[in-house]
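Biologist: Please show me the model. I have some questions to ask about it.

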Amino acid sequence: MPASAARHDETAYDRHRLRQWLAGDARADGVGRRRLLTLLAATAAATALPTPGPARADGPRRASDATIVKPLPPESFILRGTNAETRWEALRGTGRLTPNDLFFVRNHTATPLLDAHDWRLRLWGSGLRGAPGEDRPVEFGYDDLRALPSVTRTAFLECAGNGRTYYASQQGEAVTGTAWTLGAVGVARWRGVRLADVLRRAGLSSRAVDVQPRGLDAEYVSGGENLGRVRRPLPLAKALDDVLLAYEMNGEPLPPDHGYPVRVLVPSWVGIASVKWVGDIEVSAQPLFSPWNTTFYRLFGSAHPEGGSAPLTRQTVKSAFELVRGAAFPAGAGQVLHGRSWSGAGAIARVDVSTDGGANWRPARLHDRPRPDSWTRWSVPWRPVAPGPVELLARATDTAGRSQPDVAVPNAQGYLFDAVVRHPVTVY
Ligand SMILES: Nc1nc2c(c(=O)[nH]1)N[C@H]1C(S)=C(S)[C@@H](COP(=O)(O)O)O[C@H]1N2
Ligand SMILES: [Mo]
């Protein structure tokens, strides 16, 4: 299926799905009726007036203690609850691919230790062929998947909340969620099988509309409510387009923290779509809803439809310097500043850098052939003149014509930050 088929109007699709739910034709386990009615009212409004929306918060998480298996040396990671953020200065000198031991980890609960030999992937639901009403699960073992034709694809994986902290620090907006700076992103070479191949082998029915992978990690409790295991519906068009069931990351079996033995990998979309430790996939002839496409991963707030936007899909454009915040440079000495830019909507077309707080800009030299779904490394020479504090800025533009604004449109949960980040350094 061409990529354009996945680029349909998500809002119209969402409205249609919500109407189906109202008519009793969609399933919404774990999502309250009131929440769905609010979303329905929001999408039904042809022109929604900007009204302050309720901030639905991801409740405070318990402090982490061994929720991540791999070593998290402090020079490479910033610990954030159950999660670990990659330090951008640690990426300096690494190649286009983020080494597995430097890759950020976002865990709702904790990394489960699974054995590939016991692991099964179960596909089930009304979107598979079989007698009506008959539950006909189809199972694949790890070796079954490894025996199917494999594909390899380089893609970034980025949390929807990456850069969230700048809504507060640069824009004075209070938002909820993990206070990531820019390190909740990495690029890896993923190997696995096409989800499309597995769905067809399982007997995909022409009536299927949604596909919902679910993780084998523990049930997620938020604000005292058990939301069940991490799961998020994918529209069939995207599932059949470029989605992988990945078992390798950068030439190694998936590390435990990144979804061993098998994870979903949804290129260009928000990280939550790429369900780790996948254990089952519901294939549904009815639209599906979960907390991860209703309460979470929509945009709420005064700049958005009352009750929330359509579920988030593609990532935005971002740039980051491979440099510690507050780095110190001697005046008069030649430097080379390095960084990377990426976008969920296309390849990077250009990057402009300012070394004087945004007054003057010059184009950066691109070091990689820009490709969609990956980042492009760049550099600019710089000779700082006068001692004092300086802000470095980088602004990327992608091949779809999207550029980073000075101010990101805020939303209550701080998703999809795309504004130019001001990176403070000192000249001495
Ligand atoms: N089963 C499961 N899948 C999951 C998550 C999770 O907690 N459990 N976190 C999601 C989120 S929010 C992100 S950003 C990515 C992070 O992937 P990584 O930890 O491999 O970097 O995984 C997604 N898949
Ligand atoms: Mo995420």
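Biologist: How far apart do the C-alpha centres of domain 1 and domain 2 lie?

Modeller: This is a predicted model: local features need pLDDT of at least 70, side-chain atom pairs count only at pLDDT 80 or more, and totals for chains, interfaces and linings use all residues. Residues are numbered from 1 along each chain as its sequence is written, ligands are numbered from 1 in the order in which they are written, and side-chain values use heavy atoms, without hydrogens and water. Domain 1 covers 3-293 and domain 2 covers 318-427, with bounds from an automatic or database domain assignment. Their C-alpha centres are separated by 28 Å.

Biologist: How many residues of domain 2 are in contact with domain 1?

Modeller: Contact means heavy atoms within 4.5 Å. Domain 1 contributes 37 residues, and the number from domain 2 is 37.

Biologist: Which residue has a polar side-chain atom 2.6 Å from a nitrogen atom of ligand 1?

Modeller: Look for N or O pairs within 3.5 Å, the cut-off for a polar contact. Arg 263 places a polar side-chain atom 2.7 Å from an oxygen atom of the ligand. Ser 274 uses a backbone N or O atom, 3.0 Å from a ligand nitrogen. The side chain at 2.6 Å from a nitrogen belongs to Asp 217.

Biologist: How much of the accessible area of ligand 1 does the protein cover?

Modeller: Accessible area comes from the Shrake-Rupley method with a 1.4 Å probe. On its own, ligand 1 has 540 Å² of it. The protein covers 100%.

Notes. Polar contact = N/O pair within 3.5 Å; in protein donor to acceptor, adjacent residues only side chain to side chain.
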